[in-house]
Amino acid sequence: MLDVEVITMTRIGIIIGSTRPERVGGTVGRWVADTVRRLGTDAIDLIDLAAVGLPFLDEPSEASTGVYVHEHTRAWARRIDALDAVVIVTAEYNGSFPAPLKNALDFLGPEWADLPAAIVAYGNTSSGSRAATALLPVLSGLAMVHAGSLLLGLRERRTDAGLTLMQRDEEMLGSLIDRLRRLTHARESRRTELPADRVLSAAGRRTDIAVGAVK
Ligand SMILES: Cc1cc2nc3c(=O)[nH]c(=O)nc-3n(C[C@H](O)[C@H](O)[C@H](O)COP(=O)(O)O)c2cc1C
């Protein structure tokens with residue numbers, strides 16, 4: 001006999017928002033991914049914008065229409081639509097966040113809507129706070145749900161070995177991911193309680209896995 005239990009799994013995307021060679025973003029992104037992995041069983045999609053390689057926005061229709069003519073946009077839309085939550089890892093460049101990140105956000109519309117988002121920002125003088133602040137109206141414009149921000153000052157964390165993250169960073173990231181997960185689950189249960197015509201876009205974001213046990 002086959003007992004089937006349905007487990008809802010959270011799929012967390014981690015977007016590395018800087019694309020230059022030798023960037024710190026890769027190290028921070030991998031640290032976030034490792035921490036998420038250590039904290040639980042979430043599926044992770046580590047999204048490196050340098051590898052995604054989107055051109056400058058080249059869609060003829062506004063992203064809010066969800067009408068995309070280019071395959072690179074459709075592939076990007078599928079990748080984001082598969083997520084339940086996202087962590088945006090961002091550098092601070094000239095008091096804001098990097099242009100490739102803005103471009104990647106501008107490419108899509110409905111796929112971002114209602115998606116819980118945490119920010120992990122880093123920088124020198126202001127620890128990424130201006131990048132995180134500049135992201136907030138963008139997230140709001142895209143109807144994303146901000147779960148909180150973690151700021152990392154690079155100066156205190158640079159060592160001969162490269163970037164060394166502190167125990168405190170680990171704890172604060174843990175709390176942020178916990179909040180992101182709780183927000184995701186709260187929104188999921190609310191969505192399942194709503195009548196179908198009140199459910200916003202996010203169909204297809206849940207990953208339901210059937211786990212079978214042979215007795
Ligand atoms: C174009 C550029 C602009 C920068 N502007 C700032 C800034 O405004 N504030 C800050 O704290 N650090 C600034 N920095 C330093 C970066 O935060 C630091 O180099 C960081 O490593 C960049 O992230 P990345 O290595 O992932 O590209 C800037 C760096 C670059 C390359």
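A residue is buried if 20 or more other C-beta atoms lie within 10 Å of its own, exposed if 12 or fewer, and partly exposed in between. The exercises below use this cut-off. The model is predicted.

**Exercise 1. Classify A143 and S127: where does each sit, and is it buried or partly exposed?**

Step 1. Locate A143. It is in the loop between helix 5 and strand 6.
Step 2. Apply the cut-off. A143 has 15 C-beta neighbours inside 10 Å, so it counts as partly exposed.
Step 3. Locate S127. Its loop runs between strand 5 and helix 5 (129-141).
Step 4. Apply the cut-off again. S127 is buried because 20 other C-beta atoms lie within 10 Å.
Step 5. Look at the backbone. Most residues other than glycine have a negative phi. S127 has a positive phi of about 55°. For A143, phi is positive too, near 60°.

**Exercise 2. State what order the strands of the open sheet follow, and which strands stand at its edges.**

Step 1. Read the order. The open sheet has 5 strands, arranged 3-2-4-5-6, with parallel pairing.
Step 2. Find the edges. Strand 3 (43-48) and strand 6 (145-153) each have a single partner strand, so one side of each lacks a neighbour in the sheet.
Step 3. Check the pairs. Strand 2 (residues 11-16) and strand 4 (residues 85-91) run parallel and are joined by 5 bridges. Here I16 stands opposite V89.
Step 4. Move to the next pair. Strand 4 and strand 5 are parallel over 6 bridges. In this pair T90 faces A121 of strand 5.

**Exercise 3. Work out which residues L163 contacts beyond its sequence neighbours.**

Step 1. Locate L163. It belongs to strand 8 (residues 162-163).
Step 2. With 14 other C-beta atoms within 10 Å, L163 is partly exposed.
Step 3. List the contacts. Leaving aside neighbours within four places in sequence, they are V24, T27, R157 and R158.
Step 4. Take V24. It is 139 residues from L163 along the chain, yet their C-alpha atoms are separated by 7.7 Å.
Step 5. Turn to the chain. Among contacts with a separation of 6 or more, 80% join residues 24 or more positions apart.

**Exercise 4. Say which residues come nearest to the ligand, and how the shell divides.**

Step 1. Name the nearest. Of the 15 residues around the ligand, these are S18, R23, G25, A91 and G123.
Step 2. Divide the shell. It holds 4 nonpolar, 8 polar and 3 charged residues.

**Exercise 5. Decide where the model calls for caution: over which residues is the pLDDT below 50?**

Step 1. Start with the average. The chain has a mean pLDDT of 88, and 84% of the residues score at least 70.
Step 2. Over residues 198-215 the pLDDT is below 50. This stretch still has 34 contacts in the model beyond near neighbours in sequence.
Step 3. Draw the conclusion. Where pLDDT is low, the predicted coordinates should not be read in detail.

How values were computed: Residues are numbered from 1 along each chain as its sequence is written. This is a predicted model: local features need pLDDT of at least 70, side-chain atom pairs count only at pLDDT 80 or more; totals for chains, interfaces and linings use all residues. A residue is near a molecule or strand if its C-beta atom, placed from the backbone, lies within 6 Å of it. Ala, Val, Leu, Ile, Met, Phe, Trp, Tyr, Cys and Pro count as nonpolar, Asp, Glu, Lys and Arg as charged, and the others, Gly among them, as polar. Two residues are in contact if their C-beta atoms, placed from the backbone, lie within 7 Å. pLDDT is the predictor's confidence in each residue, from 0 to 100. Two strands pair if DSSP finds at least two bridges between them. Helices (H or I, at least four residues) and strands (E, at least two) are DSSP runs, numbered from the N terminus.
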